[in-house]
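Trainee: I want to understand the labels used for this model. Show it to me, and I will ask what stands behind each one.

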Amino acid sequence: MLNKIWRVHWVTRGRPWSPSDHPVLAGWGDLEVREAACRIDPGDVFFTDPNYRGDPRLTLYTTRSSFAHLARETRRNYADDCCLFFNFLWQRGKNWCEAEPDDLLDFEDWRRWSPRNPQRIGGSKWNRELAALTRLYKWAVRKRHMAASPVIERKVMGRQGETVSVPAARATDVRSSNVKWLTPRAYRLWRDVGLRGYTADGRRDETWRGRNDDRNAAYSDLLFSSGMRRSEGGSLLIVEVPEMDESSRRYYDGRLARAVTKSRRERTFYAATESLRAIDAYVRTTRRAVIRRAQAKGRYEQRDDLWVVVKRSGWRQSRLHICDEHGQVIERDLTTLDIEERQRLFVEGEGGLEPLWLWLAEDGRSFLPHSWEAVYRAASERCARVLEGRVAQPPYFTPHMARHSFALKMLVALQHTMDKRFGLTAEERRDFRLLYGDAWRLVKVLLDHQSEETTRRIYLAPVSDLQVRSLLLEEDDPGTGELLSKIAQLSERVLDSEVVA
């Protein structure tokens, strides 16, 4: 029997789910026609209640309000957060639009403090859920679907001295940072053991039965060396991978499309030569093999939503000339293509149609960005098993920790490089501390943050407690790796991989 709960659905090309999955929906007929009539487009999100009914008001909110312009991952998180509250209300015999302030207070008690809830959350997670509900109910009141919002607000002074409204239930017990980092040495151990199937001694494990080792390691190396978000690195097209030359450069630059970045700004990323070599090896071997298998089964020709790129032109060859599913040639700029559209892009290769999406699953289809979480989780679980008793703390890793680690590595390296380049004495370093702001600003740009304050507060503020500058003064010329290892000795959040057995 199906659980009677609110559900979130994502509209893809074709049907987001099959009516046959739910007896109540079996007579709905052509969902695509109904979606078009309701102006629901691929990539949109909508809700169904426990009776499998859609609420047109909520659909308008998710498709025709500012919610629709949020980053895909933010929409996914906010939709899940709203569903939790909707289910809480449903158990009380209420619909989402009947919520009152007391309901929200009881929901907060259940989510954060109730001993009957085995999965209580902290202040940061609660504030995110509260932000999702605040956005929804402000819209509902503005559109007169409700008389008042259940989210009570209060006035506070903003950063610039202005008066702003914030939810009264906003948590104050929020850690300034919950950042975890890996040093490069610990990361390599995690990658080799968790993704490549090696032992703690650096040998291939004879019992290893992993798949897509080179794909997974190449993707992970790319994130670790570039600081890209999971969805940014996970939605790259093969034509967006920087091309290497015969020079001895350590890094190559590429461009991230604005449609896939959280800030909706196009930006430059820098990838290490080693990570690009790993991607090249994956493209020439594993990726080529899965494409050939998919071609042999006619998997690509079975799709009715293909966009075939027939030509590229313009600056950086970013203008795509596309033959769409109707046989019409259209032009699109590479930077405007979102994640959903990128999965439709193909080219005619020697053996037939080939996807432009870089990371492919074993069946030749696009390996979606959110799927990487399971890959990283399995790798961390393997490290915990294989390295127990062999290292002081078996490393675990997530895609977002790659950004944390990249930020820490860049800050230490930039500050260390500035010391060496300017030849400052210890006294001069103290006099020119403001110069370190340049390093902060550069890391802020590389991470695509809105403000330098965000970079300092969320990612790198704990470094201040470790007195990185004092570490720099103690050594004549330590390398970045050595400095990171020293930091790891002083902080429980920076994970290294010192062997103990």
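Trainee: Why is arginine 382 called buried?

Mentor: Its relative accessible area is 7%. Buried means under 20%, exposed over 50%, and partly exposed in between, with a 1.4 Å probe and protein chains only. So arginine 382 counts as buried. Note that this is a predicted model: local features need pLDDT of at least 70, side-chain atom pairs count only at pLDDT 80 or more, and totals for chains, interfaces and linings use all residues. Numbering runs from 1 along each chain as its sequence is written, and side-chain values use heavy atoms, without hydrogens and water.

Trainee: Which residues does arginine 382 touch?

Mentor: Val193, Gly194, Gly197, Tyr198, Asp205 and Trp208, leaving out residues up to four places away in sequence. Contact means heavy atoms within 4.5 Å.

Trainee: Where is arginine 382 found?

Mentor: In helix α11. Helices are DSSP runs of H or I with at least four residues, strands are runs of E with at least two, and both are numbered from the N terminus.

Trainee: How do you know that the span of α11 agrees with expectation?

Mentor: The expected span is 1.5 Å times one less than the number of residues. Helix α11 has 15 residues (372–386), so it should span 21 Å. Its end C-alpha atoms are 21 Å apart, which agrees.

Trainee: Which residues of α11 are buried?

Mentor: Trp372, Val375, Tyr376, Ala379, Ser380, Arg382 and Cys383. Seen down the axis, the buried residues of α11 fall within an arc of 160°, so they line one face of the helix. The arc is taken from the directions from the helix axis to the C-beta atoms.

Trainee: What makes α6 roughly perpendicular to α11?

Mentor: Helix α6 (residues 184–195) packs against α11 at about 95°, with the axes 8 Å apart. Axes are lines fitted to C-alpha atoms, for helices over the stretch in contact, and angles run from 0 to 180 degrees between N-to-C directions. Under 35 degrees is roughly parallel, over 145 roughly antiparallel, 65 to 115 roughly perpendicular, and the rest oblique. So α6 is roughly perpendicular to α11.

Trainee: Which residues of α6 meet α11?

Mentor: Trp190, Val193, Gly194 and Leu195. Their partners in α11 include Arg382 and Val386. By class, the contact of α6 with α11 has eight nonpolar, two polar and one charged residue. Ala, Val, Leu, Ile, Met, Phe, Trp, Tyr, Cys and Pro count as nonpolar, Asp, Glu, Lys and Arg as charged, and the others, Gly among them, as polar.

Trainee: At what angle do α7 and α11 cross, and what is that called?

Mentor: Helix α7 (residues 213–226) and α11 cross at roughly 100°, their axes coming within 12 Å. That makes α7 roughly perpendicular to α11. Trp372, Val375 and Tyr376 of α11 make the contact with Arg215, Asn216, Tyr219, Ser220 and Leu223 of α7.

Trainee: Why are α3 and α5 called roughly perpendicular?

Mentor: Helix α3 (residues 72–91) and helix α5 (residues 123–142) pack at about 80°, with axes 9 Å apart. They are therefore roughly perpendicular to each other. Their contact has eleven nonpolar, one polar and five charged residues.

Trainee: Tyrosine 52 and glutamine 317: buried or partly exposed?

Mentor: Tyrosine 52, at 8% relative accessibility, counts as buried. Glutamine 317, at 37%, counts as partly exposed. Tyrosine 52 has a positive phi of about 65° although it is not a glycine. Phi of glutamine 317 is near 55°, also a positive value in a residue other than glycine.
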